[in-house]
Amino acid sequence: MTEIANGNAEENARASAPAVRLGRRSFLATAAATAAATANLAFGRDYGPGAPPVRYPDPDVVVLDPRFAKYKLGNAPIQRLYRGTLWAEGPAWNGVGKYLLWSDIPNNVQHRWLEEDGHVSTFRNPVGNSNGNTFDYQGRQISCQHGHRRVVRYEHDGSMTVLADKWEGKPLNAPNDAVVHPHDGAIWFTDPGYGSLMNYEGVKGPLHIKEAVYRIDAKTGKMDKVADEIYKPNGLCFSPDYKKLYVADTGASHYPDAPKDIKVWDVVDGKTLTNRQVFASMELDGKAGFADGIRADEDGNIWASAGWVGEGYDGVHIFAPDGDRIGQILLPEICSNVCFGGTKRNRLFMTASQSLYAVYVETKGAHIS
């Protein structure tokens with residue numbers, strides 16, 4: 001009733017106010033301001049250059065469990081660093097160059113954000129519709145290319161080495177995300193095949209093999225399948241001590257019986273997986289979206305990008321080592337992937353649909369990227 005009364009009062013005030021004539025220049029300025037405001041509203045919270053400052057503590061960094069409270073900084077806001085991608089993915093931090101690299105899959109480019117001044121530029125074009133990126137312990141970039149169905153490494157001299165493109169003589173589906181083991185340099189990657197299911201993110205074609213997780217031996221180049229009992233393995237990360245491997249399962253996108261969860265295995269001798277279990281369900285308040293990219297912090301918490309539900313869900317979900325959801329970072333877009341970076345590795349970068357976001361937290365990433 002109050003809202004209706006206020007609305008009528010406002011209408012009466014407008015009716016009695018003198019008419020204002022807008023010149024062409026004033027009209028265009030007003031239209032531009034309205035369009036900008038509408039665009040920002042379409043993304044929920046206003047992250048535009050003219051947006052008012054957020055009142056601390058940031059209300060969109062949500063403590064669900066007291067265990068998360070120590071990771072939330074009271075005077076650190078979520079910031080949008082860039083907007084303009086079609087589907088942002090694969091963030092990876094380069095500690096030497098002090099830049100963040102990430103992919104825009106449909107536009108077939110990789111972008112670079114410089115810590116020095118926030119400058120964003122096109123890093124590589126074309127990139128085989130690359131999705132996940134990371135760096136090995138020699139500083140070389142590893143990329144999962146949807147369009148070419150392969151995992152590649154960019155060498156120090158600028159050349160590119162194909163690390164994997166087939167399994168048992170058949171082409172890979174479309175590698176998605178990769179991580180590197182520091183003890184032996186082995187590259188572990190997932191192959192769910194999303195880039196081959198549509199031309200928008202790759203080259204549409206059949207999947208010739210079962211979706212799986214693989215390991216590439218850094219010395220011999222030999223590839224081994226380490227797990228295929230998961231519907232569509234997506235993002236992956238190791239625990240801080242590298243004794244566990246976490247993998248997000250997004251199989252429900254195409255398989256009705258697939259769960260929406262994150263799996264975990266024990267890593268045996270740094271080469272094989274055993275004892276698969278459900279680490280965490282993505283269900284929250286009766287709704288379940290997808291976890292996509294995931295990263296571990298130095299305390300063993302898992303920071304998982306989340307989306308496809310809507311306001312109050314999409315963003316990042318943080319799980320304690322026991323699998324309990326302890327916190328959220330709410331974003332106005334679907335979040336696809338995350339990584340820790342910055343000089344102190346205490347800044348969480350989040351690729352989210354059309355934008356890149358970041359927030360400082362009181363922990364560090366467990367790994368280099």
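Me: Between which two elements is the loop that holds Pro57?
Reply: The model is predicted, with residues numbered from 1 along each chain as its sequence is written, and local features need pLDDT of at least 70, side-chain atom pairs pLDDT 80 or more, while totals for chains, interfaces and linings use all residues. Side-chain values use heavy atoms, without hydrogens or water. Helices (H or I, at least four residues) and strands (E, at least two) are DSSP runs numbered from the N terminus. On that numbering, Pro57 is in the loop between α2 (24-42) and β1 (61-63).

Me: What is omega for the peptide bond from Tyr56 to Pro57?
Reply: The bond that leads from Tyr56 into Pro57 is cis. Its omega is near -10 degrees.

Me: Is Arg149 buried or exposed?
Reply: Arg149 is in the loop between β8 (141-145) and β9 (150-154). Its phi is near 55 degrees, a positive value in a residue other than glycine. Buried means under 20% relative accessible area, exposed over 50%, and partly exposed in between (1.4 Å probe, protein chains only). Because its relative accessible area is 12%, Arg149 is buried.

Me: What is the phi of Tyr242?
Reply: Tyr242 is in the loop between β17 and β18 (244-249). At 9% relative accessibility, Tyr242 counts as buried. Tyr242 is not a glycine, yet its phi is positive, at about 65 degrees.

Me: What is the volume of the largest cavity?
Reply: On a 1 Å grid over the protein atoms alone, a cavity is a set of points where a 1.4 Å probe fits but cannot get out, whereas a pocket is an open set with protein on both sides within 12 Å along at least five of seven lines; lining residues have an atom within 4 Å of a point. Points are joined across faces, edges and corners, and a volume is the space filled by probe spheres set on them. The count comes to 3 cavities of 30 Å³ or more. The largest cavity holds about 80 Å³.

Me: Which elements give two or more residues to the lining of the largest cavity?
Reply: Residues lining the largest cavity include Thr134, Phe135, Val179, Val180, Cys237, Phe238 and Tyr242. The elements giving two or more residues are β7 (130-135), β13 (178-180) and β17 (233-238).

Me: Which strand gives the largest share of the lining of the largest pocket?
Reply: The largest pocket has about 360 Å³ of space. Of its 17 lining residues, Trp87, Tyr194, Asn234, Asp292 and Trp308 lie nearest its centre. By class the lining has 7 nonpolar, 7 polar and 3 charged residues. The largest share, 3 residues, comes from β23 (residues 290-296).

Me: Which residues lie nearest the centre of the second largest pocket?
Reply: The volume of the second largest pocket is about 240 Å³. Its lining divides into 9 nonpolar, 2 polar and 3 charged residues. Among the 14 lining residues, those nearest the centre are Asp46, Tyr47, Ala51, Pro52 and Ile78.

Key:
Ala, Val, Leu, Ile, Met, Phe, Trp, Tyr, Cys and Pro count as nonpolar, Asp, Glu, Lys and Arg as charged, and the others, Gly among them, as polar.
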